[in-house]
Amino acid sequence: MEKIALAVEAEELTEFWSQRVLARANGNLFKVAKGIGSTTWHIHEDQEETFLLLSGRLTVQLRTGDVELEPGDLFVVPRGVEHCPLAAEEARFLLVGPEVTSTAAGGKPAWSADGGTPPSV
């Protein structure tokens, strides 16, 4: 049993929109991630996606309207709801869910591979 420094774990990530599993509890995975630019629009048919924003600002775009998150905010995207996270500047967050989201299902953009940055940055 050891404590986990979320800020340190997020700092060490080398790819945007990738997830690192930090802990497991009660059937859930606790994953740290960072984002800039946006993912692609996507849906998780098999699970909710829970965001806890650690730093920066994150907009979770929904077809029904945007949800703006600031540090300390928590938001759950319901199962089956199309969404597209967007960060004008780097945002770091914790994701909680029952399994790791696949690259395709998670909307990870192709530019983010190998530590790339979005075209508009």
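The paragraphs below go through the aromatic rings, the charges over rings and the backbone angles of this predicted model. Residues are numbered from 1 along each chain as its sequence is written, and local features need pLDDT of at least 70, side-chain atom pairs count only at pLDDT 80 or more, and totals for chains, interfaces and linings use all residues. Side-chain values use heavy atoms, with hydrogens and water left out.

A pair of aromatic rings is described by the distance of the centres and the angle of the planes. Here rings of Phe, Tyr and Trp (its six-membered ring) pair if their centres lie within 6.5 Å; planes under 30 degrees apart count as stacked, over 60 as edge-to-face and the rest as tilted. The count by this rule is two aromatic pairs. In one of them, the ring centres of W17 and F93 are 5.9 Å apart and the planes stand at 45°, so this pair is tilted. W17 belongs to the loop between helix 1 (6-11) and strand 1 (19-25), while F93 belongs to strand 7 (residues 83-97), so the pair ties together parts that are 76 residues apart in sequence. Helices (H or I, at least four residues) and strands (E, at least two) are DSSP runs, numbered from the N terminus.

F93 also pairs with F51: the centres are 5.5 Å apart and the planes are at 55°, so this pair is tilted. It links distant parts of the chain, with F51 in strand 3 (residues 49-55) and F93 in strand 7, 42 residues apart.

Next come charges over rings. A charge sits over a ring if NZ of Lys or CZ of Arg is within 6 Å of the ring centre and within 35 degrees of the ring normal. K34 lies over the face of F16, 4.8 Å from the ring centre. The charged end of R63 is placed over the ring of W41, at 3.7 Å from its centre.

The backbone comes last. Most residues other than glycine have a negative phi, and most peptide bonds are trans. W17 has a positive phi, near 65°, and its relative accessible area is 10%. N26, in the loop between strand 1 and strand 2 (28-38), has a positive phi near 50°. With 79% relative accessibility, N26 is exposed.

Note on methods: Buried means under 20% relative accessible area, exposed over 50%, partly exposed in between (1.4 Å probe, protein chains only).
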